[in-house]
Amino acid sequence: MANHEDSSGLKLYVHQGSQPARAITIFCRANHIEAEEIKVDILQLESRTAEYKKKINPMGLIPCIDDNGFKLYESHAILRYLATTRNVADHWYPKDPKQRALVDAALDWHHLNLRRYAAQLVISRVLWKLPGHAGFFPDTDHDALSAESVKMLPRVFDQLEFMLQHGKFLQNANELSIADLSLACELAHLQLLGKEGQESLLGCRERINKWLADVEEAASPYFKDVHEEVIVPYAKHVEEIRAQGHLGAL
């Protein structure tokens, strides 16, 4: 990781294996926001070191930014901050109070719904079983968490489809917002479940799948590029391990 002491310019502390980190990276690249991307090796628990917590993010998590000495954590707060401090198109985070409130509503909904159960499912069915990953999730009943996620995700997807009733993007909008980016990165993480796992969850969700394709197109080529840096090859690696019978059926 780069020297923490240099406070000039915008720094992104990220790892592209993280859904929220990908959303921030894509946002910056898509809007040509000059930033230094500093990789934090989460697999080596680099974000949990005393140095990182003291100098970067006391929560010990990614993503985090350092904007000329101003440090900020929590991905949605970062996206809001960058959208309001940089010269970006209004559709990302509208100035109109009602339109902005709808974007905020989708972001707030994300944390306790889509993020909670989608991330939980990937962790409980895949990540904790991989070599070197068990230590990330100690004393956890993964079978119970997996069952809870499978039970709750259909309702979550129903609610997501409600936000996609009329517009091309979330909350009846016809242009991309930071909420679309954040939620789409979350759903893209489900590819770690494998083709059959994804199909069982989203195969019949035509509206959601169309929206995902629209987000990728609207944020092209950055959405695809960022996912291909880590998550796509990692999904292939997981498939190789699954083919060897080490992960079990989904």
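Modeller: One term before we start: two strands pair if DSSP finds at least two bridges between them. Also, keep in mind that this is a predicted model.
Biologist: Thanks! Then let's begin with the hairpin of β3 and β4: how many residues sit between the strands?
Modeller: Two residues lie between them, and in this hairpin Asn68 takes a positive phi near 55°.
Biologist: And in which sense do β3 and β4 pair?
Modeller: Antiparallel, over four bridges, with β4 covering residues 70–73. As an example, Ile65 has Leu72 in β4 as its bridge partner.
Biologist: Which way do the β3 residues point?
Modeller: Cys64 and Asp66 point one way from β3 (residues 64–67), Ile65 and Asp67 point the other way, and all are buried. As a rule, side chains in a regular strand alternate between the two faces of the sheet.
Biologist: What about β1 and β3, how many bridges there?
Modeller: Four, again in the antiparallel sense, with β1 running over residues 10–14. Tyr13 has Cys64 in β3 as its bridge partner.
Biologist: Switching to the inside: which residues touch the most other members of the largest nonpolar core?
Modeller: Phe27, Leu160, Leu187 and Trp211 do, out of 65 residues in that core. Helix α7 (residues 178–188) supplies the largest share, eight residues. Apart from this core lies another one of seven residues, including Ile38, Ile56, Ile62 and Cys64.
Biologist: Nice. What does Trp211 touch, leaving out residues up to four places away in sequence?
Modeller: On that count Trp211 touches Leu160, Leu164, Lys168, Phe169, Leu170, Asp180, Leu183, Ala184 and Leu187.
Biologist: And Asp214, is that buried or exposed?
Modeller: Buried: Asp214 has a relative accessible area of 7%, and the cut-off for buried is under 20%. Asp214 sits in helix α9 (residues 206–218). Not counting residues up to four places away in sequence, Asp214 touches Lys168 and Phe169.
Biologist: Last topic: at what angle do the axes of α10 and α11 cross?
Modeller: At roughly 45°, and the axes of α10 (residues 222–229) and α11 (residues 231–243) come within 3 Å. The two helices are therefore oblique to each other.
Biologist: Which residues meet there?
Modeller: His227, Glu228 and Glu229 in α10 meet Ile231, Val232 and Pro233 in α11. By class, that contact has three nonpolar, one polar and two charged residues.
Biologist: Great, thanks for the tour!

Terms used: Residues are numbered from 1 along each chain as its sequence is written. This is a predicted model: local features need pLDDT of at least 70, side-chain atom pairs count only at pLDDT 80 or more; totals for chains, interfaces and linings use all residues. Side-chain values use heavy atoms; hydrogens and water are left out. A nonpolar core is a set of buried Ala, Val, Leu, Ile, Met, Phe, Trp, Tyr and Cys residues joined through side-chain atoms within 4.5 Å. Buried means under 20% relative accessible area, exposed over 50%, partly exposed in between (1.4 Å probe, protein chains only). Contact means heavy atoms within 4.5 Å. Axes are lines fitted to C-alpha atoms, for helices over the stretch in contact, and angles run from 0 to 180 degrees between N-to-C directions. Angles under 35 degrees count as roughly parallel, over 145 as roughly antiparallel, 65 to 115 as roughly perpendicular and the rest as oblique. Ala, Val, Leu, Ile, Met, Phe, Trp, Tyr, Cys and Pro count as nonpolar, Asp, Glu, Lys and Arg as charged, and the others, Gly among them, as polar.
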